[in-house]
Structure formats: structure tokens, C-alpha cells
Amino acid sequence: MNIVVREYQEKDLSAMIRIWNEVVEEGIAFPQEDYLDETTGTEFFASQTYNGVAEDEDTGQVLGLYILHPNNIGRCGHICNASYAVSKDCRGLHIGEKLVLDCLEQGKKHGFGVLQFNAVVATNIHARHLYERLGFVQLGTIPKGFRMKDGHFEDICPYYHEL
């Protein structure tokens, strides 16, 4: 497997929508509850500052993706935010790490000074360990900040990384 991270192309949209919807369906990481379809997915990804996809160059298969966009406006417009999704069949292959590292580079290239995650679910230990290993700093904990798919609440942990 030869995994590269590159900017998304229109041909990637169906795979991106499928992978995004897998994470939404799991209900344990993304705040979104609505699934993307071809129309809403195309609009959603087009509205981002940058979208990266992890592709297996040997097969052309999209294995994961990230979105990058401003976290706020005006005096806080230098802070960006991102979300990552890896196909459930490809987790554990360090694709998330490749996506985050590329995102850090793209954030800087797009003029941002800080990458901030607003709501990393406390029980998402694999993501939290990755972020901390890559130098992200946890800003605290928001008790019961995320409603899980089964209805119970988990804490969320904001993180940031200077670019």
C-alpha cells in the first residue's frame, strides 16, 4: 500500500461522502447527525478552505479525508479547524497521522497561525494520543459536551497547535 495525501478532486467525492457518512453513522466523533448525499456532499466539501484525501496510489482508492476551514472570523480568523475521517476498513494503518501532518502544512500554507479542535470526544483515545504525540496541547475539558449516538454524554477536550 502506497498512501499519499493530496488535494481532493471531483472524482473523489463519492468515496469522501461514504467515508464521512460512516463516521456520522457511528455517532461517536462528529457533531453532525445528518448524512451527506451527492448534492449536499458536493456543496459541503466545496465550502471548505481545503480538503485533503489519503489515497492508495497502487489502487486509486480513497482511504480517508480531512476538511480544513476557519474556526472563526475577524480577529480570530487566523485560527483554523479541521475534521478527519478514515474508512472503517482502513483504521490502524496510520492514515490519520498522514492526514493530520498534511493538514498542519496546508493550514500554514493557507495563512492560518493556529489549528484548533473544538470538540475531541474524551473517549476517542486513538485520536487524542495521535494529537498529543504530534504536539497538540489540550486546553481543558468540557464536561458532557458531546451527545453520543446512544444518548449519553461524554466530555470533550479542545486542542490547539501553533502552525
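**Core packing and aromatic pairs**

Leaving aside neighbours within four places in sequence, Tyr-84 is in contact with Phe-30, Leu-65, Tyr-66, Leu-99, Val-100, Cys-103, Leu-115, Phe-117 and Tyr-131, where contact means heavy atoms within 4.5 Å. The model is predicted, so local features need pLDDT of at least 70 and side-chain atom pairs count only at pLDDT 80 or more, while totals for chains, interfaces and linings use all residues. Residues are numbered from 1 along each chain as its sequence is written, and side-chain values use heavy atoms, with hydrogens and water left out.

The largest nonpolar core has 28 residues, and Tyr-84, Leu-115, Phe-117, Tyr-131 and Phe-136 have the most contacts inside it. A nonpolar core is a set of buried Ala, Val, Leu, Ile, Met, Phe, Trp, Tyr and Cys residues joined through side-chain atoms within 4.5 Å; buried means under 20% relative accessible area, exposed over 50%, and partly exposed in between, with a 1.4 Å probe and protein chains only. Elements that each supply at least two residues of this core include strand 4 (79-86), strand 5 (114-121) and helix 4 (125-133). Helix 3 gives the most, with five residues. Helices (H or I, at least four residues) and strands (E, at least two) are DSSP runs, numbered from the N terminus.

A search of the whole structure finds twelve aromatic pairs. Rings of Phe, Tyr and Trp (its six-membered ring) pair if their centres lie within 6.5 Å; planes under 30 degrees apart count as stacked, over 60 as edge-to-face and the rest as tilted. The ring centres of Phe-117 and Phe-136 are 4.8 Å apart and the planes are at 20°, so this pair is stacked. Phe-117 lies in strand 5 and Phe-136 in the loop between helix 4 and strand 6 (137-138), so the pair ties together parts that are 19 residues apart in sequence. Tyr-131 and Phe-136 form a tilted pair, with 5.4 Å from centre to centre and 50° between the planes. Tyr-131 is buried at 8% relative accessibility, and Phe-136 is buried at 5%. One aromatic cluster is formed by Tyr-50, Tyr-66, Tyr-84, Phe-117, Tyr-131, Phe-136 and Tyr-159.

Helix 1 (residues 13-26) and helix 2 (residues 38-46) pack at an angle of about 95°, with their axes 10 Å apart. Axes are lines fitted to C-alpha atoms, for helices over the stretch in contact, and angles run from 0 to 180 degrees between N-to-C directions. Leu-13, Met-16, Ile-17 and Trp-20 in helix 1 meet Glu-38, Gly-41, Thr-42, Phe-44 and Phe-45 in helix 2. Asn-21 is also placed in helix 1, and touches Tyr-35 and Leu-36, not counting residues up to four places away in sequence.
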